[in-house]
Amino acid sequence: QVQLQESDPGLVKPSQTLSLTCTVSGGSITTNLYYWTWIRQPPGKGLEWMGAIASSGITYYSPTLKSRTSISRDTSKNQFTLQLSSVTPEDTAVYYCARSLGNTWDSWGQGTQVTVSS
């Protein structure tokens, strides 16, 4: 049973870069066919797919966030990381990491609250 756990950055100031790490256990992030995904949910809104990194290492980004988003991985630690630059209060959300196979997100982290405020 794969498990995912997001890091907890807590409060981030406007214009800073948000950095989140997802630690995966019970499965390798290099296993074929899986995508390792970042998703967020702002207060009162729906889920927003931000981007993903494939088992091959290829990255994919939401067009609306692409200019500010970078996803990378550390295979030695079985972790993948999200960096979101130039954050504003509109980036306040619960951030999730998840594993997807095809169109299904089959494993999720518990989520971490990120608040952007001065």
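Predicted model: local features only at pLDDT ≥ 70, side-chain atom pairs only at ≥ 80, totals over all residues.
Good morning. From the N terminus on, the elements of the protein chain run β-β-β-β-β-β-β-β-β-β-β.

Let me begin with the overall form. Along its principal axes, the C-alpha trace spans about 40 × 30 × 25 Å. A compact globule of 118 residues would have a radius of gyration near 13 Å, and the protein chain, with 13 Å, agrees with that. Of the 118 residues, 41% count as buried. The accessible surface comes to about 6100 Å², and carbon and sulfur atoms hold 48% of it. Among the contacts with a separation of 6 or more, 54% are between residues 24 or more positions apart.

I turn now to the sheet arrangement. Strands of a sheet pair through backbone hydrogen bonds, in either a parallel or an antiparallel sense. Four strands of this chain form an open sheet in the order β1-β3-β8-β7, and the pairing is antiparallel. The edges are β1 (3-6) and β7 (69-74); each has a single partner strand, so one side of each is left without a neighbour in the sheet. Ignoring direction, neighbouring strands of this sheet are turned by 20 degrees against each other on average. The antiparallel pair of β7 and β8 is joined by six bridges. Within that pair, S72 has T81 of β8 as its bridge partner.

Which strands pair with β11, and in which sense? Strand β2 (residues 11-12) pairs with β11 in the parallel sense, over two bridges. There, V12 has V116 as its bridge partner. Strand β9, by contrast, pairs with β11 in the antiparallel sense, over three bridges. In that case the bridge partner of A93 is V114. In a regular strand the side chains alternate between the two faces of the sheet. For β11, the covered face holds T112, V114 and V116, while Q113 and T115 make up the uncovered face.

What lies inside? The largest nonpolar core has 24 residues, of which L4, L18, V24, W36, W38, F80 and Y95 touch the most other members. At least two residues of this core come from each of β3 (18-25), β4 (34-41), β5 (48-54), β8 (79-84), β9 (93-101) and β11 (112-116). The most is given by β3, with four residues. As an example, consider V24. Leaving aside neighbours within four places in sequence, V24 is in contact with V2, Q3, L4, I29, W36, N78 and F80.

Finally, I would mention two points in the loops. Most residues other than glycine have a negative phi. S15, in the loop between β2 and β3, has a positive phi of about 80 degrees although it is not a glycine. Is S15 buried or exposed? S15 is exposed, because its relative accessible area of 60% is over the 50% cut-off. The second case is S86, in the loop between β8 and β9, where phi is positive and near 50 degrees. S86 is partly exposed, because its relative accessible area of 43% falls between the 20% and 50% limits.

Thank you for your attention.

Notes. Residues numbered from 1 in each chain as written. Heavy atoms only, no water. Core = buried A, V, L, I, M, F, W, Y, C linked by side-chain atoms within 4.5 Å. Buried < 20%, exposed > 50% of the residue type's maximum accessible area, 1.4 Å probe, protein only. Contact = heavy atoms within 4.5 Å. Pairing = 2+ DSSP bridges. Axes fitted to C-alpha atoms, helices over the stretch in contact; angles between N-to-C directions. Rg over C-alpha atoms; globule rule 2.2 N^0.38 Å. Areas by Shrake-Rupley, 256 points an atom, 1.4 Å probe, with all protein chains shown as cover.
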